[in-house]
Amino acid sequence: MALRSSLWYSGDDRNSYIHRAWMRRGLPREAFEGERPHIAIANSASDLAPCNSHLDDVARSVMNGVWAAGGVPLDLPVLSLGETNVRPTAMLWRNLAAMAAEELLRANPIDGVVLLGGCDKTVPALLMAAASVDLPALVVPGGPMLTGHFRGVPLGCGTDVWRLSEEVRAGTLSREAFLASESSMIRSRGHCNTMGTASTMACMAEALGMTLPGTAGTPAPDSRLLERAHDSGRLAVELVRAGRRPSHVMTRASFLNAIVTLAAIGGSTNAVVHLLAIAGRLGVELSLDDFDRAGSGVPLLADLQPAGRHLMDDLFRAGGLTALLREVEDLLDPAAITVTGRPLVEHLAGAEIWDDTVIRRRSDPLLPDAGIAVLRGNLAPDGAVIKPAAASPELLRHRGRAIVFDGVEDARARLDSPGLDVDETSVLVLRGCGPRGYPGMPEVGNLPLPRKLLARGVRDMVRVSDARMSGTAYGTVVLHASPEAAAGGPLSRVRTGDPIVLDVAARRLDVDVPEAELAAREPVMTGHARPARGWERLYVDHVTQAHLGADLDFLTGSSGDAPGRESH
């Protein structure tokens, strides 16, 4: 089989001379003779993406594996997005990271790629890029950090930030104690140790078949992650020689397996927009309704924060994702393969649960039905989502007066006002925070609760928005309302005092206002983004709505790996 890299390196003309000569730099002549696959390592390491700061170490192990299998490894730095640092939101640049990586993979003399990501947007962005180019590819997730402790109590990064900060606002925890916990929160390298978006997307990559089975959830400091990275480098060379591409692995069956997995692990709602975007790059048919259908009736088996008690290194020691998936093997499509060429379900044989307080048995689930619920109604005709596993059961059917905020700044300015006419039955409505409105659809949907209600012991309220929320967050929070307010969606016509009706069992989200009155109202469009130039302008002009994955409209569908015209 002729290698793709031979399009650059074979021949004796001026162009092939240039391509080889500038790449020699210590590589042997046989590296360019068309028998050694050239494997890019798409490396999202960055000190400013702290969850990915260790990926250079992982890359070295991948390189060793590539060499051992007879390939040529090549480091390829890619755009890195640190969820905790970049403003206004890392989601604004997920599509840019995917587009840049796609173009680099297509433009360079490579035959396959190993994708290194950890922080929330890096794994989905790299999978979107790989899906678009469809070169042989696999993922090595960077892994979660180890559990930190404060005053003898384990800390779930993200989840305990939300919890402790609310206790400070309620007056039950001193600011000094809150700040003292800061140095205990992040114990080691790696991404969040809760079942937040980073952990979820690592599990999604494995459920899609795009990792070496058994890799997702391996803690970042664990030496076994480097062993898996080495094995992944070897497998990348095999993928090229076998001609096994992402489109062979990530089929509709694989996405349905990922949705089952998402429910069983109690994963992040952010996985919905990411899986939809990845499927869109492949041309795989996937919709919001598939999340409700495939996830319905799937038990929650991972007793992890924010839906449960434990953390990611507990999941790993308890048997890991493969042990959990073995409990729901009958719900998985047996035809869906992994990058090994074998079905996912074959890799579950022999997986054992070593601690069933962390990975619950099918007969004793944390919840009997844990899938992401998709809501529709006159507030979200194209859909909205809620994570019942992280919500208060008594609020899953609720009616209350809307308290409307036009953007996060408005909410922060008024939430703690003593004069705010709000009680525990109210519904906090946040708008103007969707893909186009913010822009980028930030993780602000889990609005803080009003201080005066916290002081009375209230710890959850129904919240509705066109934003996202962190996968580490919790509460009865309705997200991704589509179409968003900035696109003229119904949220733009809601007024404070309108009755909001939530019925998760019936999959409904409505404002109880006569249809004619709602339609006659002037939409509120204040506070929406109107960028004049640059990436933000391109993004706002072309981003799709949340129910379509919030990708750019001109990037759906695969473009293949054919390189452009000669450069000299």
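Leu92 touches Pro439, Gly440, Trp535, Glu536 and Tyr539, leaving aside residues up to four places away in sequence; a contact here means heavy atoms within 4.5 Å. The model is a predicted one, in which local features need pLDDT of at least 70 and side-chain atom pairs count only at pLDDT 80 or more, while totals for chains, interfaces and linings use all residues. Residues are numbered from 1 along each chain as its sequence is written, and side-chain values use heavy atoms, with hydrogens and water left out.

Leu92 is placed in the loop between strand 2 (72–77) and helix 4 (94–107). Helices (H or I, at least four residues) and strands (E, at least two) are DSSP runs, numbered from the N terminus. Leu92 counts as buried because its relative accessibility is 0%; buried means under 20% relative accessible area, exposed over 50%, and partly exposed in between, with a 1.4 Å probe and protein chains only. Between the C-alpha atoms of Leu92 and Leu208, which are 116 residues apart along the chain, the separation is 24 Å.

The loop between strand 2 and helix 4 also holds Pro88. Pro88 is joined to Arg87 by a cis peptide bond, with omega about 5°. A cis peptide bond also joins Tyr438 and Pro439, with omega about 0°. Pro439, one of the residues touched by Leu92, lies in the loop between strand 10 (427–431) and helix 18 (451–454).

The largest nonpolar core has 127 residues, of which Leu127 and Phe255 touch the most other members. A nonpolar core is a set of buried Ala, Val, Leu, Ile, Met, Phe, Trp, Tyr and Cys residues joined through side-chain atoms within 4.5 Å. A second, separate core has 27 residues, among them Val427, Val429, Val478 and Ala485. When residues up to four places away in sequence are not counted, the contacts of Leu127 are Leu115, Val139, Ala205, Leu208, Met210, Met250 and Ile278.

Helix 9 (residues 197–207) and helix 13 (residues 270–282) have axes that come within 10 Å and cross at roughly 40°. Helix 9 is therefore oblique to helix 13. Axes are lines fitted to C-alpha atoms, for helices over the stretch in contact, and angles run from 0 to 180 degrees between N-to-C directions. Angles under 35 degrees count as roughly parallel, over 145 as roughly antiparallel, 65 to 115 as roughly perpendicular and the rest as oblique. The crossing of helix 9 and helix 13 is right-handed; this term applies if the near helix is turned clockwise from the far one by less than a right angle, and left-handed applies if anticlockwise. On the helix 9 side, Thr197, Thr200, Met201 and Met204 meet Asn270, Ala271, His274, Leu275 and Ile278 of helix 13. This contact of helix 9 with helix 13 has 5 nonpolar, 4 polar and no charged residues. In this division Ala, Val, Leu, Ile, Met, Phe, Trp, Tyr, Cys and Pro count as nonpolar, Asp, Glu, Lys and Arg as charged, and the others, Gly among them, as polar.

Helix 9 also packs with helix 12 (residues 252–265), at an angle of about 140° and with the axes 8 Å apart. The crossing of helix 9 and helix 12 is right-handed. Thr200, Cys203, Met204 and Ala207 of helix 9 meet Ser254, Asn257, Ala258, Thr261, Leu262 and Ile265 of helix 12. By class, the contact of helix 9 with helix 12 contains 6 nonpolar, 4 polar and no charged residues.

Helix 12 in turn packs with helix 16 (residues 320–327), at an angle of about 100° and with axes 11 Å apart. Helix 12 is therefore roughly perpendicular to helix 16. Here Thr261, Ala264 and Ile265 of helix 12 meet Leu321, Leu324 and Leu325 of helix 16. The contact of helix 12 with helix 16 has 5 nonpolar residues, 1 polar residue and no charged residues.

Arg151, although not a glycine, has a positive phi of about 55°. Arg151 lies in the loop between strand 5 (148–150) and strand 6 (153–155) and is exposed, with a relative accessible area of 65%. His480 also has a positive phi, near 60°, and is a residue other than glycine. His480 belongs to strand 12 (residues 477–482) and counts as buried at 4% relative accessibility.
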